[in-house]
Amino acid sequence: MNSVFQIYGKQNCSNCNKIKKLCIENKKTFEYKELDVDFKRPDFEWFWKDIEPENRQYPILRYKGFFISYHSFNQVYLEQFLS
């Protein structure tokens, strides 16, 4: 699947469940990838280095070709994504 929006999450993650639910409710196409099933933690070591420690939480989102933390997505891109 070649989705515009990708969610890299993990099992039992409330943030991951929230963003998937948001996509479904707003009829947004997304692809969900799960930690240790579709990708491994070391695959995103480069990403976590640039994220403030208090914001290092799943999911990682790929939106318009950029990888974005869940926190940043909610602060900066959510309104645009839903419009």
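Reply: What follows is a set of questions and answers about this predicted model.

Me: Why is Gln 6 called buried?

Reply: Gln 6, which lies in strand S1, has a relative accessibility of 8%, and since buried means under 20%, Gln 6 counts as buried.

Me: What makes the link between the side chains of Gln 6 and Glu 31 a polar contact?

Reply: The side chain of Gln 6 and that of Glu 31 are joined at 3.0 Å, and a polar contact requires a pair of N or O atoms within 3.5 Å, one able to donate a hydrogen and the other to accept it, so the pair is counted as one. Leaving aside residues up to four places away in sequence, Gln 6 also touches Lys 33, Ile 60, Leu 61 and Arg 62.

Me: How do you know that S3 and S4 pair?

Reply: Pairing asks for at least two bridges between two strands, and strand S3 (residues 60-63) and S4 have four bridges, in the antiparallel sense, so they are counted as paired. In one of these strands, S4, Phe 67 is the bridge partner of Arg 62.

Me: Why are S2 and S4 said to stand at the edges?

Reply: The open sheet has four strands in the order S2-S1-S3-S4, with mixed pairing. Strand S2 (30-34) and strand S4 (66-69) each have a single partner strand, so one side of each has no neighbour in the sheet. From one strand to the next, the twist averages 25°.

Me: Which strands does helix H1 lie across?

Reply: Helix H1 (residues 14-25) lies across strand S1 (5-9), S2 and S3, and runs at about 155° to S1.

Note on methods
Residues are numbered from 1 along each chain as its sequence is written. This is a predicted model: local features need pLDDT of at least 70, side-chain atom pairs count only at pLDDT 80 or more; totals for chains, interfaces and linings use all residues. Side-chain values use heavy atoms; hydrogens and water are left out. Helices (H or I, at least four residues) and strands (E, at least two) are DSSP runs, numbered from the N terminus. Axes are lines fitted to C-alpha atoms, for helices over the stretch in contact, and angles run from 0 to 180 degrees between N-to-C directions. Contact means heavy atoms within 4.5 Å. Buried means under 20% relative accessible area, exposed over 50%, partly exposed in between (1.4 Å probe, protein chains only).
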